[in-house]
Amino acid sequence: MGSLAQQERTVVGWAARDASGHLSPYTYTVRKTGPEDVVVKVMYCGICHTDIHQAKNHLGASKYPMVPGHEVVGEVVEVGPEVTKHRVGDVVGVGVIVGCCRECHPCKANVEQYCNKRIWSYNDVYTDGRPTQGGFASTMVVDQKFAVKIPEGLAPEQAAPLLCAGVTVYSPLKHFGLTAPGLRGGILGLGGVGHMGVKVAKAMGHHVTVISSSSKKRAEAMDHLGADAYLVSSDADAMAAAADSLDYIIDTVPVHHPLEPYLSLLKMDGKHVLLGVIGEPLSFVSPMVMLGRKAITGSFIGSVDETAEVLQFCVDKGLTSQIEVVKMGYVNEALERLERNDVRYRFVVDVAGSNVEAAAAEAATNGAE
């Protein structure tokens with residue numbers, strides 16, 4: 001067992017200082033290791049579209065300085081005296097949530113992501129009043145409950161996107177009973193979450209149609225990801241031909257878009273599952289759902305238990321995420337490229353290989369802090 005730290009730990013991360021969203025080295029302290037805490041030396045951290053929303057204050061609640069990153073994989077280097085779930089040397093993942101009340105119905109049902117007192121891994125305040133900071137940093141201190149062991153057979157950089165993108169598509173398929181082989185599903189949007197949607201649904205034995213606004217990703221969807229069909233939403237004839245053909249649509253689009261064209265694709269009792277974070281109202285006319293008993297619903301990431309499940313599912317099925325690994329010094333360019341959808345399909349920052357401490361020291365010398 002690692003010894004308890006008697007002093008606060010100094011950490012170096014890359015933080016946004018304002019709504020420009022530009023990240024630069026930032027030195028701060030994290031809490032002392034608590035009885036049920038694990039100290040994680042960050043190895044890799046995926047970049048999610050939500051990191052852009054938060055860093056640029058798109059949702060109107062950002063607090064600065066902010067260290068983003070919620071697809072965190074690292075090595076446990078210290079544990080508190082009451083930790084039973086992990087040991088020093090374990091490789092673990094930390095996702096979107098790092099705290100909950102443990103008393104409400106969602107918490108008792110082990111779906112703590114729906115706890116009204118959930119604590120985000122960054123841009124939030126922990127129980128001790130200290131701001132939470134994410135995985136674009138050298139170290140995190142996390143309650144053992146919210147760290148998931150990475151199973152053998154899964155490379156740490158491959159595991160990172162599964163902690164958000166992977167579990168985000170796995171959870172609704174499981175919850176809504178959409179895991180049986182032979183179902184026909186649609187994946188709307190082919191980004192970081194969408195590409196995992198194709199892979200997970202195909203591994204469950206589904207017939208998968210990728211739905212996109214243009215034909216430019218057709219070869220990627222069908223030849224590289226294994227989709228069975230590709231539907232261009234602006235092709236009225238193709239959309240009409242596909243009416244009433246899908247059991248579900250996993251909607252990963254993170255910007256405002258119409259729902260009605262896609263609702264027409266669903267069979268009776270079909271489900272349109274919203275996964276994208278969108279800061280303005282969506283609309284539809286009620287007969288689109290009434291005249292087929294269709295449902296528009298949503299799902300938010302997944303629980304700690306579901307995260308462990310999807311990691312093992314990917315090992316068992318031989319699934320990997322398609323990633324582009326970058327150094328921390330490239331993170332601003334990566335965020336810009338992600339914003340214009342120029343990545344196939346997930347950036348993962350090699351935090352441990354980026355020497356963030358040296359970057360912070362250089363920045364301090366140059367007067368950047």
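## The loop between H11 and E17

In this predicted model, Asn341 sits in the loop that runs between H11 and E17. Although Asn341 is not a glycine, its phi is positive, at about 65°, and with a relative accessibility of 34% Asn341 counts as partly exposed. Tyr345 also belongs to the loop between helix H11 (331–339) and strand E17 (346–350), and a cis peptide bond, with omega about -5°, joins Arg344 to Tyr345.

A cis peptide bond with omega of about -5° links Tyr64 and Pro65, and Pro65 is placed in the loop between helix H1 (49–55) and strand E4 (71–79). In strand E14 (residues 266–274) one finds Asp269, which has a positive phi of about 70° although it is not a glycine; Asp269 is partly exposed, its relative accessible area being 33%.

## Nonpolar cores

The largest nonpolar core holds 97 residues, of which Ile47, Phe136, Val200 and Val331 touch the most other members. Because domain 1 (9–164 + 323–367) and domain 2 (167–298) both contribute residues, this core lies between them. Apart from it there is another core of 14 residues, including Leu188, Leu231, Met239 and Leu265.

Beyond its neighbours within four places in sequence, Val200 is in contact with Val169, Tyr170, Leu173, Phe313 and Leu319.

## Helix H10

Phe313 is one of the buried residues of H10, which also include Val304, Glu306, Thr307, Val310, Leu311 and Cys314. Among the elements that cover these buried residues are strand E9 (147–149), helix H3 (156–159), helix H4 (165–175) and helix H5 (192–203). At 1.5 Å a residue, the 14 residues of helix H10 (residues 304–317) should span 20 Å, and this agrees with the 20 Å between its end C-alpha atoms. Just after H10, Gly318 adopts a positive phi of about 70°.

Note on methods
Residues are numbered from 1 along each chain as its sequence is written. This is a predicted model: local features need pLDDT of at least 70, side-chain atom pairs count only at pLDDT 80 or more; totals for chains, interfaces and linings use all residues. Side-chain values use heavy atoms; hydrogens and water are left out. Helices (H or I, at least four residues) and strands (E, at least two) are DSSP runs, numbered from the N terminus. The expected span of a helix is 1.5 Å times one less than its number of residues. Buried means under 20% relative accessible area, exposed over 50%, partly exposed in between (1.4 Å probe, protein chains only). Contact means heavy atoms within 4.5 Å. A nonpolar core is a set of buried Ala, Val, Leu, Ile, Met, Phe, Trp, Tyr and Cys residues joined through side-chain atoms within 4.5 Å. Domain bounds come from an automatic or database domain assignment.
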